[in-house]
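Here is a short report on how two protein chains meet. Look at the contact between them first, then at the charged pairs.

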There are 2 protein chains.
Amino acid sequence: MHASGVWAGVTPLEEAWNLADIMNPSTTTKAELQRHGYLGELTCSSASYPLGAHFELHIEQGPILEGSNKKVGVVSGAQAYRWLTVTVDGRDAHTGTTPFNARKDPLLAAAKMVVHSNELAKERGALASTGVFKLPMGSSTNTLPAQVVFTLDIRHPSHEVVKEIHSKCIEGFNKIAMEDGKGVDVTIEVETDSPEIKFHPDCREAIRKAANAVVGEDGSMDIMSGAGHDSVYTSRICPTGMIFVQCKDGVSHHPTEYCSPEDW
Amino acid sequence: MHASGVWAGVTPLEEAWNLADIMNPSTTTKAELQRHGYLGELTCSSASYPLGAHFELHIEQGPILEGSNKKVGVVSGAQAYRWLTVTVDGRDAHTGTTPFNARKDPLLAAAKMVVHSNELAKERGALASTGVFKLPMGSSTNTLPAQVVFTLDIRHPSHEVVKEIHSKCIEGFNKIAMEDGKGVDVTIEVETDSPEIKFHPDCREAIRKAANAVVGEDGSMDIMSGAGHDSVYTSRICPTGMIFVQCKDGVSHHPTEYCSPEDW
């Protein structure tokens with residue numbers, strides 16, 4: 001979504017060019033484009049390179065088509081999501097000599113927050129997920145860490161529900177922060193906020209008709225995209241639609257990702 | 001406890017010498033002893049260097065003396081502890097496209113296990129603590145990791161209670177592993193198991209009498225050591241006792257550790 005963000009005027013060109021490898025800050029997008037001979041001369045923008053419409057074919061990256069035995073997904077839009085970074089500050093302590101009532105244990109509190117966010121999301125038919133959970137270097141079996149930083153990715157087809165869960169997380173996390181020992185401090189920052197996208201009705205209709213012709217009326221279904229895609233950005237500028245096909249076990253971004261030649 | 005373990009015949013000399021820096025495997029205990037001129041000629045053993053009795057003065061490393069307004073702790077012994085490494089295996093997945101019922105989320109399961117072990121320990125007046133919680137490199141905000149490894153340090157004055165909590169953790173963790181989505185796999189390994197130690201009654205009595213003479217009968221109290229100490233090993237060979245003094249806020253192994261000259 002890097003280039004489509006620049007094309008749609010959402011991401012400034014310099015910001016995209018300067019994005020660096022997380023492991024090696026001298027490796028930037030621009031340096032790699034140059035190295036591979038891909039730094040072209042045409043300005044990357046919808047003005048200099050306009051599109052009349054945008055259709056994107058993609059694997060579903062989830063198990064819904066496979067589980068429903070449908071060959072084609074007519075993507076209605078992309079769900080809303082908000083990414084949070086939660087920092088829980090406590091105090092290092094020796095695990096053997098520090099009674100529970102004297103602790104400021106950020107790891108216990110963070111574990112409770114992860115569990116609580118999952119419960120809140122389940123109640124509302126949303127998703128809440130933690131993919132990063134970091135402790136300072138040097139924490140060990142017999143010490144409590146001073147800090148835990150974790151991410152929270154909240155998703156739902158409606159931005160309103162995402163905001164509601166975020167707000168309930170703030171309330172719940174602040175309560176959890178006071179529950180054990182001498183309490184911990186919690187700060188919650190919003191890293192990314194993306195409202196839901198609805199694709200163009202003409203594009204959806206065109207995809208539905210084409211699917212009916214190829215796989216029959218029982219072969220396709222309407223589906224919401226769980227992930228972000230280039231089409232999220234192009235939909236701001238021109239009529240856009242997406243076509244999903246099955247991938248094995250819903251797996252993506254992994255060596256076992258597979259889409260059969262027939263499905264593609 | 002490295003050298004006292006060798007002295008007491010618990011740790012083989014070669015094992016102690018070969019212990020390497022976690023960051024730099026070529027830096028071993030033996031190499032560092034040589035470099036500093038501390039590699040002596042006397043054999044490190046209770047046979048070649050016998051002790052009639054062993055008394056050890058130490059900061060409490062906890063808040064109990066300070067909270068009870070006592071100047072001296074007559075240490076009755078060291079509590080039992082068991083260190084576990086828990087490995088939770090799931091499957092990487094995209095957070096946006098993978099519904100809860102299709103996930104094998106090791107981080108959610110591990111968070112629930114940390115919370116559960118804390119509840120089990122609280123019920124029995126024991127301690128359960130997690131100081132290490134590791135995810136594979138490369139996990140990110142919008143992916144679930146494939147694996148989480150965390151440590152569990154269980155402590156109680158009685159080894160029987162430690163074993164009981166360990167056994168309840170196995171039961172509870174296996175149940176948690178099946179609770180969400182398609183489940184996760186959990187394996188629990190015992191890294192260290194140390195039964196409780198009782199110090200010698202003559203040594204404890206000698207310390208109590210001396211404390212009474214210096215700080216008065218109201219100035220001291222019996223106390224259990226939460227941490228391991230050299231005295232745990234010497235107590236296997238000769239009569240042993242320990243004296244605890246206050247440290248500020250119970251903090252140790254930290255730049256803010258402080259014991260007043262008067263207390264010492």
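What is the area buried between chain B and chain A? In this predicted model, the buried area is about 4,300 Å². Carbon and sulfur atoms give 67% of that area. Thr97(B), Phe100(B) and Thr141(B) supply 15% of the area that chain B buries against chain A, more than any other three residues.

The contact involves 56 residues of chain B and 56 residues of chain A. Across the interface, 14 residue pairs are in polar contact. Helix 5 of chain B gives the most to the side that touches chain A, with nine residues. By class, that side of chain B has 24 nonpolar, 22 polar and 10 charged residues.

Now the charged pairs. Side chains of opposite charge can pair when their charged atoms come close. The count is 26 salt bridges over all chains, and two are between chain B and chain A. Here are some examples.

| Salt bridge | N to O distance |
|---|---|
| Asp180(B) and Lys122(A) | 2.9 Å |
| Lys122(B) and Asp180(A) | 2.8 Å |
| Glu32(B) and Arg35(B) | 2.9 Å |
| Lys168(A) and Glu164(A) | 3.6 Å |

Take Lys122(B) and Asp180(A). Lys122(B) lies in helix 5 of chain B and Asp180(A) in the loop between helix 6 and strand 9 of chain A, so the pair joins two chains. Lys122(B) is partly exposed at 42% relative accessibility, whereas Asp180(A) is buried at 17%.

Glu32(B) and Arg35(B) both lie in helix 3 of chain B, three residues apart. Glu32(B) is partly exposed, at 26%; Arg35(B) is exposed, at 59%. Elsewhere, salt bridges that share partners join Lys112(A), Glu179(A), Asp180(A) and Lys122(B) into one network.

Conventions
Residues numbered from 1 in each chain as written. Chains lettered and ligands numbered in written order. Predicted model: local features only at pLDDT ≥ 70, side-chain atom pairs only at ≥ 80, totals over all residues. Heavy atoms only, no water. Contact = heavy atoms within 4.5 Å. Buried area = accessible area lost by both parts, 1.4 Å probe. Salt bridge = Lys/Arg side-chain N within 4 Å of Asp/Glu carboxyl O. Polar contact = N/O pair within 3.5 Å; in protein donor to acceptor, adjacent residues only side chain to side chain. Helix = DSSP H or I, 4+ residues; strand = E, 2+ residues; numbered from the N terminus. Nonpolar A, V, L, I, M, F, W, Y, C, P; charged D, E, K, R; others polar. Buried < 20%, exposed > 50% of the residue type's maximum accessible area, 1.4 Å probe, protein only.
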